[in-house]
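Please open the model in your viewer and keep the selection tool at hand. The tour goes stop by stop, with something to select at each.

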Amino acid sequence: MRILVLALRRVAWMPPTLLGLTLIVFTVSHVIPADPARAMAGENASTAQIEALRTKFGLDKPLPQQFVRYVTDVLSGEMGVSLYSQRPVASDLLSRLPATFELAIAAIIVAILIGLPLGVVSALYRNSPLDQAVRLVTIAGLAMAAFWLAILLQLLFSMKLAITPVQGRIDGWGPDPITGFYTVDALLRGDWEMFGTSLRYLALPTLTLALPAAATIVRFTRAGVLNVLSSNFVFYQGAMGIPRRIVVWKYILRSALIGTLTQIGLVFGNLLAGAVVVETVFSWPGLGQFAYNSILQSDYNAIMGFTLITGSAFIVVNLLVDIAQAVLDPRGR
Amino acid sequence: MSMWRRLLRDRALLVGTVIIALLVLVAVFATPLSTFPEHVTAFDPAQRLKPPGAIFWLGTDRMGADIYSRLLFGARLTILIAVVATTVAVLIGVPIGLVAGYYRNWFGEMLMRVSDVFLAVPQIVLAIAIAQTLGPAIHNVILALSATYWPFWARLVYAETRSQRNEIYVEAAIAMGASPLRVMVLHILPNIMSSIIVRTTIGMGGTILVAASLGFLGLGAPPPTPEWGRMIAESREFLPQAWWYATAPGIAILLVVMGFNLLGDGLRDVLDPRIRRSANRAP
Amino acid sequence: MPPDAPLLDVAALSVSFHAESGVARVLDEVSLSLRPGEIMGLVGESGCGKTTLARAVLGVLPPNAAIDRGRIVFAGEDLLALSPSEAASRIRGRAITFIPQDPYGSFSPLFTVGDQLAELMRWKSPERQPGEGGYSRARRQRDRERAVAMLRAVQLPDPERLIAKYPHELSGGQRQRVMIAMALLPEPKLVIADEPTTALDVTIQAQILKLLRGLIAAHGASVLFTTHDLGAAWEICDRVTVMYAGQEAETAAVATFFTRPAHPYGRMLLDSLPTQGSALRGIPGEVPNPFAPPSGCRFHPRCPRAAADCVAIHPAARAPAIGHSVRCHHPYLDARAEPAR
């Protein structure tokens, strides 16, 4: 029952935070530019078009009124029209959301699968050659620009070795959408060939995002396990002869997992940040590539829409992580 | 503690310091150290996309400019952006955090809520929006980075100030009649200084990465500014043949960020007392 | 094994710790023996080596410790000759169990008390055959009944509800009672209790001690009970070994120790117990540095009876009476005077 209260309290924080985000984006898009209407209309717009836009979006009204208008617009899904595609920004963004999420989720899974065991083993065999190698690699991994890693991997695997495709999400059309995740949809439809193809396209972008994330996971998993290793219950279980493998893989790992969950929000944030450039390199048709194209086109509405959507998605994910953590750690109850 | 452990730790500090020192030296002495200092702005299309060789140590880019020289001048830019953006963020965020943490009034709480919103979103997402609005220029990049970084400092210092606020030495200082400003600056601040220094160092590395990403996306300074991220972006269309074009700036970024991270880690080991670190217990 | 042979015989055990600042002789030729069913108190200040001795017997010394010399013979077996896996499976948690000082930290916070009890019983239940892989439902059920019965024996109300709780939901006293239960469930021959009441409130301490004494008597186990609290030793122990600077200074029956302490250190310890109406007495000087101990008898810098031979020669154990041994060149032989008012 206490979990419910906790969850509700956390959910209650979401609207103000989202509102705050909207305020920030509003300030950036409507307050900072000398002439917001001109920015939104684009470089090639005529004076008449700019004035028309100004009246249409009420940009000549006082700021507080504009803000209210802006919020109501956003809530009804109206984020302006993309200069580039001439479609509503909102629909453009929503259609690209699944691609980015598929990438992000795949990357988190891979990062945990790589990072968690490495972190545990690294801590168990502290200062061994393996541990030192792992630490060196993670230090380098965290210092690498994500886009550079993407280009390097692309150079090696796609261009030189030709194992993975250079760009894109699929060759031709993807599976008929159920979830919007090509891999999942292909599986659900029993289309093994398509499943394989979509995996091949997913592989390199996922790896690029997953490696720095894995480095982060290794670091704090290692620290967490080292901390737990010196705790009294580990000593007690050893003193009472509980088999070491049970102590490590049942008790210590559980503590490490909880610690990992705490940090997943942070890792996810880095992933989203990395997705922008990684999608650009691999022409992965997600939010990140959308942002890049919009920047190239100076597509103002699109960029602001991207900021709102991405920010909101991140806030929601963090909320879910918070709730999950409260559920899993009995001391919170 | 075994010899290896100590060596690795000290080595981190050593390597980090060396790298950053080299970076500063390169930035300051870019002109004499470079082979073609004029290639920052000038170019020579006849020499475009040449591989590394005797004349052009790291090859040339699409405009025929010497990559090595541009890299050196790019170091100046990198330091400028990292130092200024981080410093501004610290200078704004630390006082805000101190005041908010000390007074715990509604104004401070409100500022913290604002900070939370900024922190609720990945830095680059907001930085893109701001940089796009302001236009492509180095000072706009710095502005965008500072504007999205100060909330981190405000939050950090707020939390630390709050916990220090209840310590006995603060009560004693107040009892002896010290003004709030005195307590904040002369008593609390020195105690959290080591944490600030360590994170500033590591933060510079992170700032460089975000700045490079902005440059890669085309939001940084316009060409022909030798910004490392932009150079990598330019190289994309000439891959895989002109591999050196992408490799050199990338390695530069890697080394510099690693340098800051190692330096920060080393400083943490030197500055933080052992006791504080072991006080945090995992579940 | 002959009927009057000791259950535990520690012979001239020397253990050193290796640190950056040098090598510390934490245990120096310590000898100790424990009969079946006997409760032996290991008494001493911090750093005297009592915890190290307890851990050495248990076989859980830290990685930077080295056993330089000596033997630990338990129920006829040389514990030091066992392989680590044998020691872990056959001895620890079965023949020799452990009651820790910190009952809170000794539980994993993420599993219920019942889960952790079940884990112990899965591996250490008296019914378990050596090398048994699985955990049959029948045995699981019987183990559960055993556990609940034992929880009642340690005077925990409503054990069925309690085992569903998490460690942080119990009080300190309750947790320690569970620890005692866990130490007795495997039906051990020897229980090693490392300052089991130090972390508890004073009012609870006496209760726990009485409980422990009763249960030990009922189960017929021996106990090695480390403490720095002489009162606790008086309450529960049959015999006492006083340790100082890594050596056993004196071993005696508890009544003998409290009335006729032979070693000057022991005598001064007893004198330093606060008594009503008189000033506090301490022991002058400091505990010696284990990296650079004094020559000869380690206590000589602080001893009122120190003489030339104390500085030069290391005292061997001698016995002023049966069952009473002391390491001193000039031990007290008379009864202890009541402290002056």
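How many residues of domain 1 of chain A are in contact with domain 2 of chain A? The answer is 17 residues of domain 1, which meet 14 residues of domain 2. Keep in mind throughout that this is a predicted model.

**Stop 1: the two domains of chain A**

Select residues 2-75 of chain A for domain 1 and 97-332 for domain 2. Their C-alpha centres are 32 Å apart. Now look at the side of domain 1 that touches domain 2. Two elements give two or more residues to that side: helix H1 (2-31) and helix H2 (36-41) of chain A. H1(A) supplies the largest share, 12 residues.

**Stop 2: the largest nonpolar core**

Next, select A:Ala107, A:Phe147, A:Ala150, A:Ala213, A:Leu271, B:Ala127 and B:Ile128. In the largest nonpolar core, which has 161 residues, these touch the most other members. Which helix gives the most to this core? It is helix H3 (residues 67-103) of chain B, with 17 residues. Domain 1 (2-75) and domain 2 (97-332) of chain A both contribute residues, so the core lies between them.

Zoom in on A:Ala107. Leaving out residues up to four places away in sequence, A:Ala107 touches A:Thr206, A:Leu209, A:Ala210, A:Ala213 and A:Leu271. Another core, of 100 residues, lies apart from the largest one. Its members include A:Met240, C:Leu27, C:Ile180 and C:Ala181.

**Stop 3: a helix pair in chain A**

Select helix H7 (residues 146-160) and helix H9 (residues 192-229) of chain A. Their axes come within 10 Å and cross at roughly 135°. H7(A) and H9(A) are therefore oblique to each other. The crossing is right-handed. On the H7(A) side, show A:Ala146, A:Leu149, A:Ala150, A:Leu153, A:Gln154, A:Phe157 and A:Ser158, which make the contact. On the H9(A) side, show A:Leu204, A:Leu207, A:Thr208, A:Leu211 and A:Pro212.

**Stop 4: a helix pair in chain B**

Move to helix H6 (residues 138-165) and helix H8 (residues 180-217) of chain B. Here the axes are 10 Å apart and the packing angle is about 155°. Is this pair roughly parallel or roughly antiparallel? The angle makes H6(B) roughly antiparallel to H8(B). H6(B) crosses H8(B) in a right-handed sense. Among the contact residues of H6(B) are B:Val141, B:Leu145, B:Tyr149 and B:Leu156. Those of H8(B) include B:Ile188, B:Ile192, B:Arg199 and B:Leu214.

Now select helix H7 (residues 168-175) of chain B. This helix is hardly covered: of its 8 residues, the number buried is 0. B:Gly177 follows H7(B) and has a positive phi, near 95°.

**Stop 5: B:Ala129**

Pick B:Ala129, in helix H5 (residues 123-134) of chain B. Buried or exposed? It has 29 C-beta neighbours inside 10 Å; the cut-off for buried is 20 or more, so B:Ala129 counts as buried. Which residues does B:Ala129 contact, leaving aside neighbours within four places in sequence? They are A:Val25, A:Val28, A:Ile303, A:Met304 and A:Thr307.

**Stop 6**

Select 8-241 of chain C for domain 1 and 253-327 for domain 2. The centres, taken over C-alpha atoms, are separated by 28 Å. Contacts join 15 residues of domain 1 to 12 residues of domain 2. On the domain 1 side, strand E2 (22-34), helix H8 (230-236) and strand E9 of chain C each give two or more residues. E2(C) gives the most, with 5 residues.

**Stop 7: two positive phi values in chain C**

Select C:Glu187, in the loop between helix H6 (172-184) and strand E7 (190-194) of chain C. This residue is not a glycine, yet its phi is positive, about 55°. C:Glu187 is partly exposed, with 16 other C-beta atoms within 10 Å.

Finish at C:Ala245, in the loop between strand E9 (239-244) and strand E10 (247-253) of chain C. Its phi is also positive, near 50°, and it too is a residue other than glycine. C:Ala245 counts as buried, with 24 C-beta neighbours inside 10 Å.

Key: Residues numbered from 1 in each chain as written. Chains lettered and ligands numbered in written order. Predicted model: local features only at pLDDT ≥ 70, side-chain atom pairs only at ≥ 80, totals over all residues. Core = buried A, V, L, I, M, F, W, Y, C linked by C-beta atoms within 7 Å. Buried ≥ 20, exposed ≤ 12 C-beta atoms within 10 Å, placed from the backbone. Helix = DSSP H or I, 4+ residues; strand = E, 2+ residues; numbered from the N terminus. Domains from an automatic or database assignment. Contact = placed C-beta atoms within 7 Å. Axes fitted to C-alpha atoms, helices over the stretch in contact; angles between N-to-C directions. Parallel < 35°, antiparallel > 145°, perpendicular 65-115°, else oblique. Left-handed = near helix turned anticlockwise from the far one by under 90°.
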